[in-house]
Structure formats: C-alpha cells, structure tokens
Amino acid sequence: MTTTQQSPETEPASDYGTHPGAAANRFFKWLSTGAGLLILITLAAVATFLLEEAWPAISLSAAELGDKVSFIKPEDGQSLLEIVGFLVYGTVLISVIALLLATPVSIGIALFISHFAPRRLAQGLGYLIDLLAAVPSVVYGLWGVAVLVPFLQPFYQWLADYFGWIPIFAPPQSGEVFTGRVALSAGIVLAIMVIPIISAVSREVFLQTPKLHEEAALAMGATRWEMIRMAVFPFGRSGMIGATMLGLGRALGETMAVLMIISPGLTFSPYILQPNQHNTIAAYIALQFPEANALGVNSLIAMGLALFVITLLVNMLARWVVSRRSEFSGAN
Amino acid sequence: MSKRIDVNNLNVYYSNFLAVEDVSLSIEPKSVTAFIGPSGCGKSTFLRTLNRMHEVIPGARVEGEVLMDGVNLYADSVDPVTVRRHVGMVFQRPNPFPTMSIAENVLAGVKLNNKRISRADADDLVEASLRGANLWEEVKDRLDKPGSSLSGGQQQRLCIARAIAIKPDVLLMDEPCSALDPISTLAIEDLIQELKNDYTIVIVTHNMQQAARVSDRTAFFNIAGTGKPGKLIEMNDTPTMFSTPSEKATEDYISGRFG
C-alpha cells in the first residue's frame, strides 16, 4: 500500500489517535465500576460479619448456650434454632398480613392515579402517597399504639364474636385482657407503611401500558375496567409482583412499629387476635439487645443472619419475577 | 348489518382548540370511503369521532351530530362504550394483545359482550373471523401461540379478525397499512374489497394510490396552516376525485404538488 511512501513526520495515526473526551470517559468508567464493586464488597462484608459473629452462638449446644444467655431458656425446651423458628414464623406471618391488606389497596390507589383521576388530582395524590413513605417508622409505632389499637379494639371484639370459629380469629383465652396489641395490629400498621412503596411502583408500571393496547381494548367497546383487565393488568403483572416483593422486603425488616405495638410471644400459633403469641426478628433483636451479654449478642446476630437470608431470598425472587417481563411483553 | 352514516356540521375540539371544522358528509352502507389529506389535517381525528374514540383524550369534544342509520351517536342517551361495540376500529400499528393467544385475541371483543360462549361456538367464530380476515390458512395450526409471534401484516389481519368477530355495523381503519410492507399491504387491500360486501368501511390513508385502488368514494381534508382547523374540502366518487376534482387544492394534492 502507500504507507511506505509517507514521510515519517506525517504520522498517520495522529489523526485517529486520542480525542478530548477519552480521559473523562475512562474516569467515568472507573467511577461506575468502583461504585458497583463497592456494593458487592459491602454485601460480602455484611455477610461475613453476620456469619463470623453468629458462629460462637451457633456452634454451642443448646444447654451451654442456655446457661450463658438470659433470654434462651433450655428448661422451657428452648434452643436458639427454635427461637429463630418462632421469630421467622412471626416475621413472615405479620408481613403476609401486611401484604394481604396493602396490595389490593395499593393497586387501587395506583390505578386511580394512573387511569381514573383527573390529571391534577392524580399528581397531588401521588405526592401525598410519597409523603406517607417519609413518615418515620417510630411515628407510625406511636400512632399505632395511641390511636389505631384503641380504635381497632371494638372491631377485633366483633371479629372474635362473629368469626371466632375461624381459628385465626379465635379470641384470647378467658382471663387475658383484650388489648389489641396483637399480630393483626402490627400487620395493619406495616400495611400502611408499605402502601406507598407498592402503589408508587405499580403506578409507574401502569403508566407505561402502551396506548396502543389500551385503545385496542377501548375500541372494541371495553369499559374502562374491562380495558384495565385486558390491557393494563396483563402488561403490568410482573411489575405488580415486583412491587409487592419490594413492599414485603420493607415489612420483613421493620423494627420500631412492631416493637411498639405488639405484645411479644414465641409460638407457632395462628391466633392473630391473641397477645403474647408472635414477634418479629427485628423487633426481638431490638428488645433483647440492650441487656444481652457477649454470647447473647452472638445469638441475636444469628437471628439477624436469618433475617438477612429471608430478605435476600425475597429480593432475589422479586428480581427474578420482574426480569421475566421481557419474555411476554411482546416486541410491539 | 352495515349502516349508513350521516355527519352534520361536526366541529371537533381539543379543549378550546378547534381541530376539525364544520364537516358534513354521508357514507353509504356497504361502501369503502377513503379519507385523504396532508398530515395534521384532522382526518384521523374526524375518523375517531365516528366511534367516539377521540373522547379517550381528555378535553376532546364535538359539536354537531353523527347519525348512524338516523341515530345520533352523540345523543345524551348513547353510551360511547356501546357505540364502540357497533363500530369496529383497526389502528395504524397492529396491536394484538401480547399476552393473549391468537384465538384469545379474536375472541377478546366477543367475551366483553357475551361472557358465556360455548366452546364450539367460540371455535366456529374464531375460524369464521380468521377466514374473513384471510388469515385462517396461515395460523390454523397455531391458534394457541401468542398474537405477537405473527409478522406485522399477519398481526394487522389478526386485528381485523378481532374487529369483525364482534360483527360491527361499520369498520373504521386508521392508516391500516402504513406500518406494513407492500405484500402485506396488498393482502389488506384485497381483504378490504371482500369486507365491503358485509360492512361499511371508512379508511384513512396517506397513500393516494391506495385510496384510488380500494375506495368507492374519497374525501379530501386540508388545513390552511398550523393552528388552523382541518376542513373537508371535497368528497366525490373516487374516479372523479382522481381525474377531475372540482377544487384546485384537491388537484394540487393529488398530483403531488404538496403534502
């Protein structure tokens, strides 16, 4: 070719070499890679810490641990594993109550904002819902104890009177006070706390429904509700599931509100109107931590490890569900 | 089954903006009427007033009347949802429901009207509608596959099958071929000729050859300038419109001098 004829001063590569944006581009690449790595390192550090600190408690036998940790009572047949079992059960139970209550309401709010409300009202309402997410959980706890629980007591009484034959609504045993500081109350307060999360995410998903599909439904004579069932829900299904899982993540980890509302207990009972039956991992840790000795702290950290694993599983499940969207969204 | 349409002094507004001004025209049953005109002249907007789909946009409203066999679609007692069950529509881009199978797509509108349709009736209707849309032979072995697995032209014919499955009085088509290749366009145009035997068809098109090929009558819409309302300039038998239009603007547009 002609390269051999070129004089050495006119280096051809100089025209096609570096360009002004190259340094910034490289910097940004390292910045974003670093930020991504930081997340991984943090996660690994948390997992390592939990395992390391939990190990002393996990490795001891039930009797040994019971001798040294005040809140584990081997004479009642308690072991660390059993307590974790009770707490996982309580955590999941209360979170599920919260989700069962919050999901329909949140979907309704999201639909109202995305498809029913006039635009200006929708915007205002959207902000209000986001504000709900900004209320500190300790405030929810105070409000739950001072306002919601007394308010709900007559309703619980009614539930127990008329639906007490359904096991979960069985009234407290005679002699016990009907306080209302029970799993159902905690579930209701958690529901209010996760509504902003679920409704905000669902709203975004619903707003992205292709106009094309909405019009297809409307043009065949679908009412608005029928249009939502034909076009909006199928399109937003995985998004709604993802939103619900995010809400579940928050409900699982909530400490203060549960701690303040519930009369704790350690059982596998299904009775959500009875006090002293359930507790959650986060609330239990917060309750026991101030008085725990070294091995007690190790035991509590083991419980934290259990919560970490549950939350991780829930989030992975949510990710997986959301990622399935691409399969059936349709290229059009 | 097919009905005649008479539009009297129709104005279409988006909030306070007058989008289409003072349109009066008549459409005969079992005929194909083409709306042509430059972009933004209001022909699609006007088409959507014939099944009240323009009301989907907040603030859209009309003055005047649209009579379908003498019944004013804008009378107080008329429910737009019911209007749309009698006036089918096919859109610019094919829009089968991606989460439904081919058969479910065809039945989507029927299920709205009549929740309990027997299995045999449903199968018959799917076949009849897909045959009506010239799609049956291509999809009969994969009725349970998603509608989005079809090619663009097939999807559009699926949408036509979906529209005729509810046996509408009128079929509106808003640039049904603008997203399709020439072969698929030809298939749709042939289909329009067949559908004419049963339905009143109104089609908006940017393609003047298409209007000349498929329609019995042609209406030319134009706009004086940006921000001005669109108007119906003239409407006549298609051969007359394309040979000796009475308006200068029509002739200019048809001969390609603007638009």
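Which residues in H6(A) meet which residues in H8(A)?

**Entry 1. Conventions**

I worked on a predicted model, in which local features need pLDDT of at least 70 and side-chain atom pairs count only at pLDDT 80 or more, while totals for chains, interfaces and linings use all residues. Residues are numbered from 1 along each chain as its sequence is written, and chains are lettered from A and ligands numbered from 1 in the order in which they are written.

**Entry 2. H6 and H8 of chain A**

I took helices (H or I, at least four residues) and strands (E, at least two) as DSSP runs, numbered from the N terminus. For the opening question I used contact in the sense of C-beta atoms, placed from the backbone, that lie within 7 Å. On the H6(A) side I found Leu190(A), Met193(A), Val194(A), Ile197(A), Ile198(A), Val201(A), Ser202(A), Val205(A) and Phe206(A). They meet Val232(A), Gly236(A), Gly239(A), Met240(A), Gly242(A), Ala243(A), Thr244(A), Leu246(A), Gly247(A), Arg250(A) and Ala251(A) in H8(A).

I then looked up the geometry: the axes of H6(A) and H8(A) come within 8 Å and cross at roughly 150 degrees. H6(A) is therefore roughly antiparallel to H8(A). Axes are lines fitted to C-alpha atoms, for helices over the stretch in contact, and angles run from 0 to 180 degrees between N-to-C directions. Angles under 35 degrees count as roughly parallel, over 145 as roughly antiparallel, 65 to 115 as roughly perpendicular and the rest as oblique. I noted a right-handed crossing for H6(A) and H8(A); the term applies if the near helix is turned clockwise from the far one by less than a right angle, and left-handed if anticlockwise.

I placed Ile198(A) in helix H6 of chain A. Is Ile198(A) buried or exposed? Ile198(A) is buried, because 29 other C-beta atoms lie within 10 Å. The cut-offs are 20 or more other C-beta atoms within 10 Å for buried, 12 or fewer for exposed, and in between for partly exposed, with C-beta atoms placed from the backbone. Leaving aside neighbours within four places in sequence, I found Ile198(A) in contact with Ala102(A), Thr103(A), Ser106(A), Ala243(A), Thr244(A) and Gly247(A). The C-alpha atoms of Ile198(A) and Gly239(A) are separated by 9.8 Å, at 41 residues apart along the chain.

The largest nonpolar core has 157 residues, of which Leu190(A) and Val194(A) touch the most other members. Such a core is a set of buried Ala, Val, Leu, Ile, Met, Phe, Trp, Tyr and Cys residues joined through C-beta atoms within 7 Å. Its largest share, 16 residues, comes from helix H6 (residues 183–207) of chain A. Beyond four places in sequence, I found Leu190(A) in contact with residues including Ile94(A), Ala98(A) and Glu254(A).

**Entry 3. H7 and H8 of chain A**

I read an angle of about 155 degrees between H7 (residues 211–219) and H8 (residues 224–253) of chain A, with their axes 8 Å apart. H7(A) and H8(A) are therefore roughly antiparallel to each other. The contact of H7(A) with H8(A) has seven nonpolar, one polar and two charged residues. The crossing of H7(A) and H8(A) is right-handed.

**Entry 4. H6 and H7 of chain B**

Gly152(B), Gly153(B), Gln156(B), Arg157(B) and Ile160(B) in H6(B) meet Ser184(B), Ala187(B), Ile188(B) and Leu191(B) in H7(B).

**Entry 5. Contact of the two chains**

The contact takes 21 residues from chain B and 20 residues from chain A. On the side of chain B that touches chain A, H2(B) gives the most, with four residues. By class, I found twelve nonpolar, six polar and three charged residues on that side of chain B.

**Entry 6. Positive phi in chain B**

I noted a positive phi of about 50 degrees for Ser15(B), which is not a glycine. Ser15(B) is in the loop between strand E1 (5–14) and strand E2 (17–27) of chain B. Asn134(B), also not a glycine, has a positive phi of about 55 degrees. Asn134(B) counts as partly exposed, with 18 C-beta neighbours inside 10 Å.

Methods: Two residues are in contact if their C-beta atoms, placed from the backbone, lie within 7 Å. Ala, Val, Leu, Ile, Met, Phe, Trp, Tyr, Cys and Pro count as nonpolar, Asp, Glu, Lys and Arg as charged, and the others, Gly among them, as polar.
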